[in-house]
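Please have the sequence and the model open as you read.

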Amino acid sequence: MDLPEGYDRRLTPARPDLAAAYLRGIISAERYVEGAIHSVLTTRAAVRREPRSNAGLETEALFGETVRVFEETAEGWCFVQLERDGYVGYMPAEALGPAITPTHKVSALRTFVFPGPDIKLPPVMDMCFASPVAVREVRGTFAVTHLGFIPTVHLAPLDAQAQDPVDVALRFLGVPYLWGGRSSLGIDCSGLVQTALMACGIPAPRDSDMQERGLGAELPLDGPFRRGDMLFWPGHVGLVENGETLLHANAFHMAVSRENLADALVRIATTGPALRRAKRF
């Protein structure tokens with residue numbers, strides 16, 4: 001559907017037949033709904049542009065994250081908006097359940113949930129970095145949740161913040177590249193930047209073009225660059241690790257990689273578009 005100027009399809013829960021209640025009077029639809037808050041119950045849940053399993057992956061929601069559900073179809077798809085960054089799309093209904101009130105978040109790159117306070121037990125599920133969890137109590141070296149037992153060493157208080165986005169991003173070195181991914185099981189360029197920034201308490205939109213428009217102050221394209229600067233190409237973003245190194249999730253290496261900055265600038269410009277913008281907080 002055609003949206004009014006300034007409204008992005010990716011962030012606007014509206015279709016010709018249905019729209020979020022707050023869009024009444026702004027966007028025309030057959031009906032308007034408030035939606036209901038749910039939490040993700042799986043390790044990660046795909047968010048797709050269309051309600052079918054072979055539609056492209058737009059982004060992901062992690063266990064414990066909250067989404068507002070505007071509709072559930074008979075085919076088992078929910079039309080949702082992620083509370084974390086406002087992204088809109090379709091998610092499998094089976095991945096959602098009653099909302100939880102988190103107290104902690106996963107601080108390890110990945111962790112396991114055990115059925116009892118014993119690491120020799122077969123895990124019931126795994127969780128990824130930054131996934132929110134609700135801890136009921138602590139027993140020895142385990143945190144007790146409604147799903148089972150998580151090693152406390154792998155958790156941090158919900159309000160804990162990292163200090164350096166680059167340090168966070170470096171933990172993902174070698175993680176496979178996945179278009180639309182934002183976990184340690186697979187991540188894309190903007191997912192890496194968003195994850196690194198939000199771990200430090202810096203709100204960040206999901207996609208690279210949104211980040212390019214909305215984050216930081218502009219820098220000269222010829223530098224010099226310093227740690228934490230963001231470099232943008234059309235459809236791509238990376239973080240400067242230092243004046244000589246770029247850290248980015250990319251399809252060339254099919255992984256999160258550390259690359260000589262000068263070499264990366266030449267390689268990317270040779271095979272695609274040149275550097276378009278540099279930003280700094």
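A salt bridge here is a side-chain nitrogen of Lys or Arg within 4 Å of a carboxyl oxygen of Asp or Glu. By that rule, Asp8, Arg10, Asp207, Asp209 and Arg213 are linked in a network of salt bridges. Across the whole structure, the search finds 24 salt bridges.

A word on the basis: this is a predicted model, in which local features need pLDDT of at least 70, side-chain atom pairs count only at pLDDT 80 or more, and totals for chains, interfaces and linings use all residues. Residues are numbered from 1 along each chain as its sequence is written, and side-chain values use heavy atoms, with hydrogens and water left out.

| Pair | Closest N to O distance |
|---|---|
| Arg44 and Glu60 | 3.1 Å |
| Arg267 and Glu259 | 2.8 Å |

Start with Arg44 and Glu60, which form a salt bridge. Arg44 lies in strand β5 (residues 44-48) and Glu60 in strand β6 (residues 57-62), so the pair ties together parts that are 16 residues apart in sequence. Strands are DSSP runs of E with at least two residues, numbered from the N terminus.

How accessible are the partners? Buried means under 20% relative accessible area, exposed over 50%, and partly exposed in between (1.4 Å probe, protein chains only). Glu60 is buried at 4%, while Arg44 is partly exposed at 30%. In the second pair, Arg139 is partly exposed at 42%, and Glu137 is partly exposed at 37%. Arg267 and Glu259 are both buried.

Definitions and conventions: Helix = DSSP H or I, 4+ residues; strand = E, 2+ residues; numbered from the N terminus.
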